[in-house]
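The following note collects comments on the coordinates under review. Please read the points with the sequence and the structure at hand.

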Amino acid sequence: MRKKLVAGNWKMHGNLNENDALLSALVPGISALDNKTGYAVCVPYPYLATVQAKLQNANIKWGAQNVSQHEKGAYTGEVSADMLNDFGCSYVIVGHSERRMLYGESNQAVAEKYLAAQKHGLVPILCVGETLEQRDSDTTEQVIDEQLKAILTLAGVDSMRNAVIAYEPVWAIGTGKTATPQQAQDIHRFIRQGIAKQNSELAADVTILYGGSVKASNAEELFAMPDIDGGLIGGASLVADDFIAICKAAHS
Ligand code: PGA
């Protein structure tokens, strides 16, 4: 049985005081929920140490939003998977559309980051998804196929045992425009079937999250779809009550 997961993506938000207030509310709120679902927050690098200290004994895991594909060396400004391990990270987001679009991360670079994360025991949350233009020109499946192919070619299908996939249609991120549960389900199914072509048993076990304007008001219907195993939450993960409500929706 695959496990559900709700992960917050704080993006470039927060500061020491705000993070402390947010986590002080999340810890008791989420400790009241069952542990059949996993919970996590992916935070900016400078806050990993304080987040680690704060979540040490909580049922919320933590991680980062990006990782270098390199082990170490002359890569100014980069952070390696090994460094993330120093702060007890469980997860790292790779290939978020903002990184693909704003920082030019190619499918190949994303695959290398995915592999680097796994090599150091981190679970990559691999983001895939199409732009509005791609959806309108009916190339959604082709785009996602290529994004996944880069991973499967470099890391192999077995790597999916220790990965989470997040389907995030770019047109739904931060726009307030959510994919309908059926639109999301169709792509989640497509992703699972793609993996099943190589290993059906493993495909049934891969956690596939939906991301893109998930809110307390729409989480339940999205998470009720058969191939949607939770969410990657941006804006709503910064508001304690909203994030807790979304976490609740994943196990109701
Ligand atoms: P959003 O962001 O929930 O604010 O749309 C989701 C994401 O980018 O991971």
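1. This is a predicted model. The comments start with Asn218, which is buried because its relative accessible area of 8% falls under the 20% limit. Asn218 belongs to the loop that runs between strand S7 (207-211) and helix H10 (219-223). Leaving aside residues up to four places away in sequence, Asn218 touches Thr178 and Ser213.

2. Ser213, one of those contacts of Asn218, also lies in the loop between S7 and H10. Its relative accessibility is 15%, so Ser213 counts as buried. The backbone of Ser213 deserves a remark: phi is positive, about 55°, although the residue is not a glycine. Most residues other than glycine have a negative phi.

3. A positive phi is also present at Asp138, where the value is about 60° and the residue is again not a glycine. Is Asp138 buried or exposed? With 72% relative accessibility, Asp138 counts as exposed. Asp138 is located in the loop between helix H6 (132-136) and helix H7 (140-155).

4. Regarding the overall architecture, 8 strands close into a barrel, with parallel pairing, in the order S1-S2-S3-S4-S5-S6-S7-S8. On average, neighbouring strands of this sheet are turned by 30° against each other, direction ignored.

5. Which strands pair over 4 bridges in the parallel sense? They are strand S1 (residues 4-9) and strand S8 (residues 230-233). In this pairing, Leu5 stands opposite Gly230 in S8. In general, strands of a sheet pair through backbone hydrogen bonds.

6. Helix H11 (residues 240-250) lies across S1, S8 and strand S2 (37-42), and runs at about 160° to S1. The loop between S8 and H11 holds Leu238. This residue is partly exposed, because its relative accessible area is 30%, between the limits of 20% and 50%.

7. Leu238 touches Trp10, His13 and Leu22, again not counting residues up to four places away in sequence. By contrast, Leu238 and Glu133 are 29 Å apart in space, C-alpha to C-alpha, and 105 residues apart in sequence.

8. Finally, attention is drawn to the surface. Met101, Leu102 and Tyr103 make a nonpolar surface patch of about 390 Å². Of these residues, Met101 is found in helix H4 (residues 97-102). Met101 counts as exposed, because its relative accessibility is 52% and the limit is over 50%.

Technical notes. Residues are numbered from 1 along each chain as its sequence is written. This is a predicted model: local features need pLDDT of at least 70, side-chain atom pairs count only at pLDDT 80 or more; totals for chains, interfaces and linings use all residues. Side-chain values use heavy atoms; hydrogens and water are left out. Two strands pair if DSSP finds at least two bridges between them. Helices (H or I, at least four residues) and strands (E, at least two) are DSSP runs, numbered from the N terminus. Axes are lines fitted to C-alpha atoms, for helices over the stretch in contact, and angles run from 0 to 180 degrees between N-to-C directions. Contact means heavy atoms within 4.5 Å. Patches are made of residues with over 30% relative accessible area and no salt bridge: like charges are joined within 9 Å, nonpolar side chains (Val, Leu, Ile, Met, Phe, Trp, Tyr) within 5 Å. Accessible areas come from the Shrake-Rupley method with a 1.4 Å probe; for residues, only the protein chains shown count as cover. A salt bridge is a side-chain nitrogen of Lys or Arg within 4 Å of a carboxyl oxygen of Asp or Glu. Buried means under 20% relative accessible area, exposed over 50%, partly exposed in between (1.4 Å probe, protein chains only).
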